[in-house]
Structure formats: C-alpha cells, structure tokens
4 protein chains.
Amino acid sequence: MHVTVELCLVPMGVGVSVSEYVAACERVLRDEGFEPDLHAYGTNFEGDWDDVMAAVRRCHETVHDMGVPRIFTAVKLGTRTDRVQTLSEKVTSVRSLRQGPRLI
Amino acid sequence: MHVTVELCLVPMGVGVSVSEYVAACERVLRDEGFEPDLHAYGTNFEGDWDDVMAAVRRCHETVHDMGVPRIFTAVKLGTRTDRVQTLSEKVTSVRSLRQGPRLI
Amino acid sequence: MHVTVELCLVPMGVGVSVSEYVAACERVLRDEGFEPDLHAYGTNFEGDWDDVMAAVRRCHETVHDMGVPRIFTAVKLGTRTDRVQTLSEKVTSVRSLRQGPRLI
Amino acid sequence: MHVTVELCLVPMGVGVSVSEYVAACERVLRDEGFEPDLHAYGTNFEGDWDDVMAAVRRCHETVHDMGVPRIFTAVKLGTRTDRVQTLSEKVTSVRSLRQGPRLI
C-alpha cells in the first residue's frame, strides 16, 4: 500500500535547538532510499507502507541514540484506493487553481 | 521499542458521518490485542512499535474495504528511553498536580 | 462559530517531565469557563471560536511565564454547518455502533 | 506574540478532490497579508497570534461558504521567548547541517 507521509519529530528533554536531530532524520530517510521534502514544520516523503514505517522507527532510534530521552512525533498519513497520488501531484493540483492577479 | 499512540483517522470522499469507520478501527485494535481508549479526537493505545504500525495499517485497509476511497490520518507517537511510561501514567501524572479549590 | 478542539502542547527546552505545564493549561481552560477533557495525548474542549483561540493563546503565555522558552503545539479543530455536534456526541456516536453482530 | 503555523484543512462530506478548497485558503491567507508556503501536507505561514487565528477562522468560513458541511483541521503552532525565529530560518538551520562529515 502506497502512503504519503509528513513526519514532524519533536525531541524533548534537550535544548531549544533541534536542527541537528531533524537533519539526522533527513539523512535516515535518504539512506533508506526516500526523497524527503523538508519544510518548516516537517518532512514529507512517500513509499510503501512498511518501508515508510520502518524508516520512521529508525528515525526514532537514531535520535534516541543521539542522547534524546523522549520523542514526540506527529505524523500525517494519506492513502487512496481510487488512484495513486504522489506528493508533488498534491501541490501541483492546488497550484493549477491559482488564477488571475493573485499569481503576480 | 514501546510506543504510545494517538490515532485519528479521517475518511474522505464519503458523508459527514464517520462514526462507523471509527468504530471499525476500534474493533481492529481490539482484535489485535490492544486496549484502545476512544476520545472525541482520536483513539489512544500503546504497544510494541511493529505491532502498533501493523494495526494502523490494518485500520486503513479495513476502512478502504468499507468503500472509503481516501483516508487522511493524524498520528502522534511517543517513545522514551529514560523509562517506560504508559498512557494511563501520563494522565495520572497531570491529575496529581490538580490542587486546591479547583478540584471542587 | 462553534468549534471542537484538541490541544496538545509540547514544552521544549525543558526536562522530560511536562505534567506541570499540561496541568497549568488545564487550569487556564477551566478559568476561562471551558470543561476540558484531559486524555493521554491532549485536552479536548469546545466553545466559540474566538474564546477558544484566546484560551489557547493564554495557555502559551502561561507556559512561557513558567520559564519554557519554546512551545510546539498540535491543535485539531472541527467545525460543522450541517448541525451542531458536541464532543460528547462524537464519542457517543461511535459507542452506539459497538453493539450488534460486530461485537460477537 | 509571534507565531509560526502549519495549517492543514481537510474538507469532509465532499468528494475526494479537495484542491479547490486548499487553493481558496491560500487566497485567504494572501488576502490577509501573509506569505503562505504551500507544501503537500499543509500551508506554513507566520505572523501575530491574533491575526493568524483570525485568518484560520476566515479559511473555515470560506470553505463552509463553498458548500463544505464539515471541516477537520490540523494546526501546528510554534512560539518562542528566547528569540524570534522565522519559518525560513527553521529550514535554513537544518540545511546548514547537511554539509560536512555527517553527509558521508
């Protein structure tokens, strides 16, 4: 089952700066063969359900191994049976509806 | 790895009433041996990471099999390495801090 | 506009135990006249949109005043125009489907 | 109070395609003077707390006016008292860690 994902991992019990942990997760996702799209509130990626969940688990393990005692993660998951929709199609679909002067 | 979870599955492309799908997921979780705690914005449960993720997948499969073409799911995940914390301990911990007249 | 809410506030840059901050938010919500329903992954409450958002803001202000330098909050919001649905009705609606052959 | 936001609005009780509603929200945010950053799982923007919440409310009102009877919205909110951090700084901060030995 193909799934589109947003992963937002929040390390707890450490300092306010969490960039190094987010960067570590991005490396995990790349190592697992995904093409993560990093944005300011998470990382979007997509793939087979089991592969995706194994990668999220490896993100948790990696961040714990870096010394973070507690992790809160918010995940969004999307599946469809009517058709396959990639992450980039979701954005393209909205952008195609931008009409008129608002595009300037 | 033990994980505490909140699962909030939103069926799309169907009517406004989604209770039957939420109820179906609750049955899936019970069938899988979890003790789901249903609340107004999701279902909390906990267990081993791989078991939990397999159950969430089965929820998606079950709801698609009921005729729902698209599912949006919001999941929260919590893991700790400092100690094991159950879902009920999380609530008890906050309640123990309710002091004074506000309890009346 | 009536809105049902789930509030999940995650203090960052402090220790792993965050119960005191969650308890402080619960007091804010009670002080503002809401009836918060605390569960293991957030606090559900409902009311008029502007009142709700003012309360969430006061939660952030209160937790910052307690010395937390950074807050990550996940909020779920629900609005309907077909009918008013309270938080308790959402749960009751699912529970009513627990009876019958599916339970056997 | 400055707040960074991710808005993910899910129309319910309509068809599987929801691009037109997401596009309408993007227009609302631009009309309100924000600079929304659309991605595949939401729209990131930032501003003063009250302005932001008024804009989210106007998104709900607009989508209901388009005929959507029920809306589920997931919002992430970030506030800091140690310093002001913009959305673009959050991404830049992670990207700056991509170089060097960690990439190997």
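I began with the salt bridges between chain C and chain B and found a count of 2, taking a salt bridge as a side-chain nitrogen of Lys or Arg within 4 Å of a carboxyl oxygen of Asp or Glu. Glu6(C) pairs with Lys76(B) in a salt bridge, with the closest N and O atoms 2.7 Å apart.

A note on my source: this is a predicted model, where local features need pLDDT of at least 70, side-chain atom pairs count only at pLDDT 80 or more, and totals for chains, interfaces and linings use all residues. Residues are numbered from 1 along each chain as its sequence is written, chains are lettered from A in the order in which they are written, and side-chain values use heavy atoms, with hydrogens and water left out.

Chain C brings 33 residues and chain B brings 32 residues. The buried area (accessible area, 1.4 Å probe, that two parts lose on being put together, summed over both) is about 2900 Å², with 58% from carbon and sulfur atoms. On the chain C side, Ala40(C), Tyr41(C) and Lys76(C) lose the most area to chain B, together 24% of what that side buries.

Then I turned to chain D and chain A. Here 34 residues of chain D meet 32 residues of chain A, and about 2900 Å² is buried, 58% of it on carbon and sulfur atoms.

Lys76(A) and Glu6(D) form a salt bridge at 2.7 Å, N to O.

Terms used
Contact = heavy atoms within 4.5 Å.
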